[in-house]
Amino acid sequence: MEPIFDHDSLLAKKRRALRIADAGAGFLMQRAAGDLEDRLAAVERRFERAAALFSMTSEASDAVSASGKAETVARVEADATLFAQGAGEVAPPETVPFEPESVDLVVSLYALQEMNDVPGMLVQIRRALRPDGLFLGCMAGAGTLGELREALLAAETELHGGASPRVSPFTDVRDAGALLQRAAFALPVADLETVTVRYDSMFALMRDLRAMGATNALAGRSRKPATRALFMRAAEIYAERFSDPDGRIRATFSTIWLSGWAPHSSQQKPLKPGSATVSLAKVLGEEKDG
């Protein structure tokens, strides 16, 4: 399978983001960590062993600890330098370094959208979970940075007669739900949250993306440095098409939340066809008569 992302480039950008240390640019991760804690609070059980996978910062593991839902939390990252905010285990990208059926809860924040084999990663997570273990995580979804993608594409086409990929592709929420089913999770759920953030200019948005470690790491990206003229024209197009009356531009961030359980005999299952004790025709007939 031809890789979509360059993992060496991804790690370099994450290391740079930690050096930049712009707390304000972490608003998406902070929001996701809060949502993770709330979602765990709604789960009426405790987990013995939890793991936070490839979430770049300690916020995912911190959210699990703050929820009080897990006895222990192991943090996994692809590079030791990412543990500036604590300790953890280093593992190659897109691998789950746990034995089958050895953890009870796996969480991951904004990592899956940067993986070349998302179905394979979900299968690994499901295998690592003990029966009735839970996976809960989020990833950037379709629509994210759509304005930036359009502005860069229009500017590069106008100036150079063609364009190279500069914004990552993102998964649709329905496809994400199908991936959970494909990985054999029980009770799979995928839901979408979209937030619009306003910036003074496209350059302010790009500064935040750099501080998030979320700039272009596509394997098929152009290796030629982008020109100042390209970015200046893209900023003009962005402002023309996606600005509010006060002159500030809009940037869309869509987040897909995923949850699924490792199969267990105690879980609810759909009824088999033909097993209903009351016919639908009878119910509808009663409603009509009433």
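The model is predicted. The protein has 290 residues, and 46% of them count as buried. It holds 9 helices and 7 strands.

**Overall build**

- The C-alpha trace spans about 70 × 55 × 40 Å along its principal axes.
- The accessible surface is about 14700 Å². Carbon and sulfur atoms make up 53% of that surface.
- Take the contacts in the protein with a separation of 6 or more: 79% of them join residues 24 or more positions apart.

**The sheet**

- The 7 strands form an open sheet with mixed pairing. Their order is S3-S2-S1-S4-S5-S7-S6.
- Which strands sit at the edges? They are S3 (89-90) and S6, and each pairs on one side only.
- Strands of a sheet pair through backbone hydrogen bonds, either parallel or antiparallel.
- S1 and S4 pair in the parallel sense, over 3 bridges.
- Ala52 stands opposite Val107, a residue of S4.

**Helix H3**

- H3 covers residues 59-67. Its buried residues are Ala60, Ser61, Ala63, Val64 and Ser67.
- These residues cover an arc of only 155° around the axis, so they lie on the same side of H3.
- An α-helix has 3.6 residues a turn, so residues three or four places apart point the same way.
- What covers the buried residues of H3? The cover includes helix H2 (27-41) and the strands S1 (47-53), S2 (70-77) and S4 (103-109).

**Asp104, a residue of S4**

- Asp104 is found in strand S4.
- Is Asp104 buried or exposed? Asp104 is buried, because its relative accessible area is 8% and the cut-off for buried is under 20%.
- The side chain of Asp104 makes a polar contact with the side chain of Arg130, at 2.6 Å.
- Setting aside residues up to four places away in sequence, Asp104 touches Phe47, Glu48, Arg49, Leu129, Arg130, Gly133 and Leu134.

**Thr252, a residue of S7**

- Thr252 lies in strand S7, which covers residues 249-261.
- Thr252 counts as buried because its relative accessibility is 15%.
- The side chain of Thr252 makes a polar contact with the side chain of Glu147, at 2.5 Å.
- Beyond its neighbours within four places in sequence, Thr252 is in contact with Gly143, Thr144, Leu145, Glu147, Thr194, Val195 and Thr196.
- Thr252 and Arg198 are 54 residues apart in sequence. In space they are 8.8 Å apart, C-alpha to C-alpha.

**Salt bridges**

- Side chains of opposite charge can pair when their charged atoms come close.
- How many salt bridges are there? The count comes to 19.
- Glu193 and Arg39 meet in a salt bridge through their side chains, at 3.2 Å from N to O. Glu193 lies in strand S6 (residues 186-199) and Arg39 in helix H2, so the pair ties together parts that are 154 residues apart in sequence.
- Glu193 counts as partly exposed, at 26% relative accessibility. Arg39 is partly exposed too, with a relative accessible area of 24%.
- Glu150 and Arg241 form a salt bridge at 2.8 Å, N to O. This pair links distant parts of the chain: Glu150 is in helix H5 (residues 146-160), and Arg241 is in helix H8 (residues 228-241), 91 residues apart.
- Glu150 is partly exposed, with a relative accessible area of 36%. Arg241 counts as partly exposed, at 42% relative accessibility.
- Asp244 forms a salt bridge with Arg198, and their closest N and O atoms are 3.0 Å apart. Asp244 sits in the loop between H8 and S7, Arg198 in strand S6, and the two are 46 residues apart.
- Arg198 counts as partly exposed, at 33% relative accessibility.

Technical notes: Residues are numbered from 1 along each chain as its sequence is written. This is a predicted model: local features need pLDDT of at least 70, side-chain atom pairs count only at pLDDT 80 or more; totals for chains, interfaces and linings use all residues. Side-chain values use heavy atoms; hydrogens and water are left out. Buried means under 20% relative accessible area, exposed over 50%, partly exposed in between (1.4 Å probe, protein chains only). Helices (H or I, at least four residues) and strands (E, at least two) are DSSP runs, numbered from the N terminus. The arc is that of the directions from the helix axis to the C-beta atoms. Contact means heavy atoms within 4.5 Å. A polar contact is a pair of N or O atoms within 3.5 Å; within protein, one must be able to donate a hydrogen and the other to accept it, and residues adjacent in sequence count only if both atoms are side-chain atoms. A salt bridge is a side-chain nitrogen of Lys or Arg within 4 Å of a carboxyl oxygen of Asp or Glu. Two strands pair if DSSP finds at least two bridges between them. Accessible areas come from the Shrake-Rupley method with a 1.4 Å probe; for residues, only the protein chains shown count as cover.
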